[in-house]
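Student: Could you walk me through reading a pocket and the molecule inside a model?
Tutor: Happy to; let's look together.

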Amino acid sequence: MRTPWTMTDRKDGPGGDTSVVTKTRAKTQRPPLYKVLLLNDDYTPMEFVVHVLERFFGLSHAQAFEIMLTVHKKGVAVVGVFSFEVAETKVAQVMDFARRHQHPLQCTMEKE
Ligand code: TYC
């Protein structure tokens, strides 16, 4: 017959099993974000900038006007924050549209 249970059968003394279970969880990396910046100049008409902001950034007329005025007064403003690919596309769209209309409007991006 099997011998009854004794202290020596236990792993860690009277308190029972004290082993620690650890789980490793891979840290999910967030993709970097990029600010799209609009720069002031002396020649691009205000209405054109407002139109650009409405058309390519989905802003309301009031929001677009506000950002245009910020750029006009301060020299630069962040228009939006996007993934690399989206930011790159917005910059290209704005630059191409400005060039086609022969305005010197400048749009750039920088890592947030
Ligand atoms: N400064 C321009 C003007 O007085 C208007 C302007 C605003 C130009 C914003 C560019 O990103 C700009 N006509």
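Student: Which residues lie nearest the centre of the largest pocket?
Tutor: A pocket is an open set of points, on a 1 Å grid over the protein atoms alone, where a 1.4 Å probe fits, with protein on both sides within 12 Å along at least five of seven lines; lining residues have an atom within 4 Å of a point. Here 13 residues line the largest pocket, and Asn40, Asp41, Thr44, Val49 and His72 lie nearest its centre. S1, H1 and H2 each give two or more residues to that lining, with the largest share, three residues, coming from H2. This is a predicted model, where local features need pLDDT of at least 70, side-chain atom pairs count only at pLDDT 80 or more, and totals for chains, interfaces and linings use all residues. Residues are numbered from 1 along each chain as its sequence is written, and side-chain values use heavy atoms, leaving out hydrogens and water.

Student: Where does the ligand sit?
Tutor: A molecule sits in a pocket if more than half of its atoms lie within 2 Å of the pocket's grid points. By that test, the ligand sits in the largest pocket.

Student: Which residues surround the ligand?
Tutor: We count residues with a heavy atom within 4 Å of the molecule. The shell includes Leu38, Leu39, Met46, Met68, Val71 and Leu105. Strand S1 (34-39), helix H1 (46-57) and helix H2 (61-74) each supply at least two shell residues.

Methods. Helix = DSSP H or I, 4+ residues; strand = E, 2+ residues; numbered from the N terminus.
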